[in-house]
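Please study the sequence and the model shown below before reading the solutions.

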Amino acid sequence: MLLTAIKLKLVALVAVAGIDTAEMPTASKDFVSVLETLKVEQDKGAKNPGGGDADINKSFNDAVAKVRELAQKDDPDATYALAHWGVLSGANINEVAALYRKAADKGHVLAKAELAQVLMQAGAQDPAAVKEAIKLIKEAEAADSRVARRMLAQLHLQGVTEGEKGVVVVEKSVAKAKELLDKGNKAGDGEATLGLAQLYSAGVEGIPQDHQQALNYLIEAGKQGNATALSTYGARLLNGDPDTKESPKLVKKDVAEALKMFNDSADKGLAAASRILGQIYENGVGPDGADVKQDVTKAFEYFTKAANGKDPQALFRLGNAFETGIIKDPKGKRDDKDNILIQPNPKSALDLYRLAAQNNLAEAFYNVGVYYETGTVVDKDPVKAFTFHMKAATAGIAQAMNRLAGLYANGTGTTQDLVAAAGWYQKAAEMNFAPAQIALGIMYEQGAGVRQNRTVAMGHYSDAAQQGVALAMLRLANLYAVGVVPGTPDFPKAWAYAKQADDIAQKSGNKADIDVTANVIKQLEDKMKDTDKAEATKIYDKMPKPQDAGATAPTAAPAPEAAPAKGGAPKKK
């Protein structure tokens, strides 16, 4: 009887759209059935995005409708699923929190952990929400939630206090954090094991820096299926460790071993390993592919294999490929039909972005939002665009923050709110995102949504100008021409920045840009004396040369996967 029950449970397991019933031991037959149907349709769509009988959006919406019916019958797993799908199911943040809370009140462990994540976003602005989040995290960890265990470890590393007197809510204790991560490591949680590797790599109070121990945990995390650890260790094998005091040479370059490790992991069904192999073959390894020759066709075979395994980054990369098109030989002609590997197909791209978003990739939420914002393939829907950009922005995607700020500034898809616009531009500007730096500079220059301050505006323009953005240089030229302090123009500095913008325009060969910069320079020179022109040339010669905004560094190996908050999403072309 027991054996039969185990078999039935194994048959019922299904993972789709970021939901894994292996983590839901009491999932109802009706709920599992909905997910199984969705999985069949999504598998068809992943194999033939944008074509065939599968309709990614319709199949997902049908599943949402059926899951919503189950949630109305108080099915806790269905309620959790609606919350987890959030924006994708048409819910706003308040509705998401309410759904999570409803499932959590019924003891749903995943709902408790994810509700805690939503509540923690309130941060210092809502101490009560933080205390509730901590309570939920502890309850979920006690119920063996891996996510909650890692969250609690992170809280112990940071410590949490409340009020002016600093009342301790969560004790700052490296020892307790390590104890939790050790527990996760023993349970086979690769993310927890990676956390141990990071502790030993950095060295913290009570845990002296130990590069060898860090490496041991990194390798173990990779074997446990952690994609970040696998990619990080693989990159070290492909390149070899530098021999420095800060980072002793523990890993020797061994390209064959790296490839074997990735292939073995891919053969065991780890989709991320196939995606990493795709990255390797797409870019090649070593000077002119000395270690691994570039092979775009093979790369996209691996990306496709990873996408069929629902790896979100592989789905996203394939989405990019269908959006722009891919040629077999990057040195060949784009219009040679024999050299075309993937034809541009925006519908296929959107399907793949949707699948990546359903697997919770923040960059994909941003790209889907752009489709709704611009009305590409789908009907233009500013409200949906706003909700998708909000999801990506809160996950740390700089481009989404910038788009979201623009929607707030114009009152598109939401109520106009210049203060909120300035706040989101500020967040993106802090991530060194040049368009946001320029937009924020304009708001400070004009006093829109912020107190007017031309000196602050100058600082934001300068940050963007140093990245090689000609528009920022022209904004600086205009600002100095009228005067950072009104009525005190500085024509020599204005000319120097206009000349830098003209250099970029000349290099690009774009006639329209050249005409604009030439016109600005002429208008300035008409107002300048000979002494001003001589001073302008001196300033220009001494100015630091801006970065080349179009330059990109060649990739020699798969980079470790970074949290979205550490950088922007790949730009939607």
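**Exercise 1.** Determine what share of the contacts in the chain between residues at least 6 apart in sequence join residues at least 24 apart.

*Solution.* A contact means heavy atoms within 4.5 Å. Among contacts between residues at least 6 apart in sequence, 52% join residues at least 24 apart. The model is predicted: local features need pLDDT of at least 70, side-chain atom pairs count only at pLDDT 80 or more, and totals for chains, interfaces and linings use all residues. Residues are numbered from 1 along each chain as its sequence is written, and side-chain values use heavy atoms, with hydrogens and water left out.

**Exercise 2.** State how many helices and strands the chain has, and how its radius of gyration relates to the globule rule.

*Solution.* The chain holds 27 helices and six strands (DSSP runs, H or I of at least four residues and E of at least two, numbered from the N terminus). Its radius of gyration, taken over C-alpha atoms, is 27 Å, close to the 25 Å that the globule rule gives for 573 residues, so the chain is as compact as a globular protein of that length. That rule is 2.2 Å times the number of residues to the power 0.38. Along its principal axes, the C-alpha trace spans about 100 × 60 × 55 Å.

**Exercise 3.** Describe how strands E3 and E4 pair.

*Solution.* Pairing requires that DSSP find at least two bridges between two strands. E3 (residues 160-162) and E4 (residues 167-170) pair in the antiparallel sense over three bridges. Glu162 has Val167 in E4 as its bridge partner. The two strands form a hairpin with four residues between them, and Gly163 in the turn has a positive phi of about 80 degrees.
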